[in-house]
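I opened this entry to work through a new model.

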Amino acid sequence: MHHRDNLLHINVGGLRHTLCASILRKFPDTRLGQLLSCDSEDDILQLCDDFDVQQKEFYFDRNPGLFPYVLHFYQTGKLHIMEELCIFSFSQEIEYWGISDFFLDSCCSYRYLDRKLERHHKSWDEESDVSSVDTSVDEISDLNKDIEHFHEMRFGNIRKCLWLTLENPGYSIPSKLFSLLSICVVLISIATMCINSIPEYQIFDENGNPTEDPTMHVLEVFCICWFTFEVVTRMLLAPNHRKFFLLPLNLIDIISVMPIYITIFFDLLIGSESELDNLGKLVQVLRLMRIFRVLKLARHSTGLRSLGATLRVRLNCHCSEVGILLLYLAVGVSVFSGMAYTAEYEEDVGLDTIPACWWWGTVSMTTVGYGDVVPVTVAGKLAASGCILSGTLVVALPITIIFNKFSHFYRNQKALEDSKAACLLLRLLD
């Protein structure tokens with residue numbers, strides 16, 4: 001319904017409010033924003049409980065005590081919630097008005113999500129909690145902006161559907177099938193590379209040079225074509241090409257494809273000339289880089305993305321703590337390496353140089369324990385015992401913090417994906 005006076009009269013539970021249509025147009029997906037696009041009285045009554053044609057007043061049988069929070073959202077673009085409010089009543093209310101809880105301001109969002117999910121993990125630092133919520137809000141906002149870009153493009157609706165099918169597994173059944181097929185191709189590619197390294201499956205030509213099995217070669221070519229199709233299609237359909245090259249998942253896709261074509265170029269360049277042995281070794285290294293294709297699974301795995309977010313936040317927000325941990329390890333390695341060198345340098349057990357003792361100290365301090373070099377004297381064994389015990393304590397200290405942070409990011413990532421799916425569903429219904 002198009003309003004000439006640019007004002008809407010909203011009656012919520014008997015309390016009358018007047019709103020500017022220009023404010024509501026900023027949020028077209030909300031219930032009040034959808035009133036502006038109604039063309040008939042029947043459409044209006046789908047959104048409100050009653051409508052006065054003469055007064056142009058919309059009636060809503062809702063709690064008038066909670067409506068001021070909705071008004072504040074339209075005025076500022078952010079939701080706020082008081083401590084004494086019932087979280088579940090507030091959640092139902094904003095859901096009725098078509099407002100996502102990801103519009104909650106950072107000062108209220110963590111408390112709201114924590115109480116809604118009945119979790120009370122208060123040990124996480126406040127700074128990273130706020131940043132993670134802000135990131136979630138930004139991702140929802142970016143998704144809406146990307147979708148809006150398609151309206152300005154030629155064949156925008158078709159491109160939007162194809163782009164969402166490739167980027168969001170929860171968008172539709174075809175998108176889920178595409179995601180499943182992509183995962184299968186990644187696994188086939190990794191399995192092919194592993195099988196080619198097994199001597200029983202290697203084939204040699206008449207000159208004794210290794211050649212690729214025909215079946216494995218066909219599978220590898222299929223995987224190459226699929227990865228190329230996937231990254232090129234995503235790039236062509238992306239609403240913002242500059243943003244496309246800045247996203248980590250897209251960079252992983254490009255990195256997993258580039259070595260293939262660099263290898264093909266060098267193969268054509270080298271041919272059968274034996275004088276280019278060093279270049280041939282480079283080609284072998286590039287072929288081994290195919291193992292990075294396993295990182296493509298992060299696009300389809302919430303757990304892998306949450307792990308990456310956890311490590312990123314711990315490094316970005318707590319560089320000093322990480323530096324102190326590395327300093328402790330370095331000091332421990334240096335001290336115990338010197339003790340081991342003093343006790344073992346005459347025993348001919350591989351601990352006759354300081355660098356060799358550094359290797360032994362690093363392996364022992366991190367509790368890896370290859371067993372390639374071991375002390376034999378009593379003093380050396382005592383030094384090794386102190387090194388192992390110190391390493392266990394130093395390495396174990398941050399494990400609980402990292403695990404809690406991972407759980408936090410995993411929960412937020414799942415909630416974000418659910419919100420994205422709900423957002424896409426609302427747009428489909430519109």
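Predicted model: local features only at pLDDT ≥ 70, side-chain atom pairs only at ≥ 80, totals over all residues.

I then took residues 244-266, where the chain is 87% helix and 0% strand. Here too the end C-alpha atoms are 28 Å apart. I checked the UniProt record, an unreviewed entry, and it annotates both 218-237 and 244-266 as "transmembrane region". The record gives that annotation to residues 177-198, 322-343 and 382-403 as well.

I found an open sheet of four strands in the order 2-1-4-3, with mixed pairing. Strand 2 (15-20) and strand 3 (50-52) each have a single partner strand, so one side of each lacks a neighbour in the sheet. Neighbouring strands are turned by 25° against each other on average, direction ignored. I followed strand 3 to strand 4 (residues 57-60): the two run antiparallel and are joined by three bridges. Phe51 has Phe58 in strand 4 as its bridge partner.

Phe58 came up again in the largest nonpolar core, which has 37 residues. With Ile10, Leu32, Phe60, Phe90 and Trp97, Phe58 touches the most other members. I noted strand 1 (7-12), strand 4 and helix 5 (87-96) among the elements that supply at least two residues each. Helix 4 gives the largest share, six residues.

I looked up Trp97 in detail. Beyond its neighbours within four places in sequence, its contacts include Val12, Leu32, Phe60, Arg62 and Tyr74.

Last, I noted a second, separate core of 14 residues, with Phe150, Phe178, Trp226 and Val231 among them.

Methods:
Residues numbered from 1 in each chain as written. Heavy atoms only, no water. Pairing = 2+ DSSP bridges. Axes fitted to C-alpha atoms, helices over the stretch in contact; angles between N-to-C directions. UniProt positions renumbered as here; feature names shortened; annotations may be inferred. Core = buried A, V, L, I, M, F, W, Y, C linked by side-chain atoms within 4.5 Å. Buried < 20%, exposed > 50% of the residue type's maximum accessible area, 1.4 Å probe, protein only. Contact = heavy atoms within 4.5 Å.
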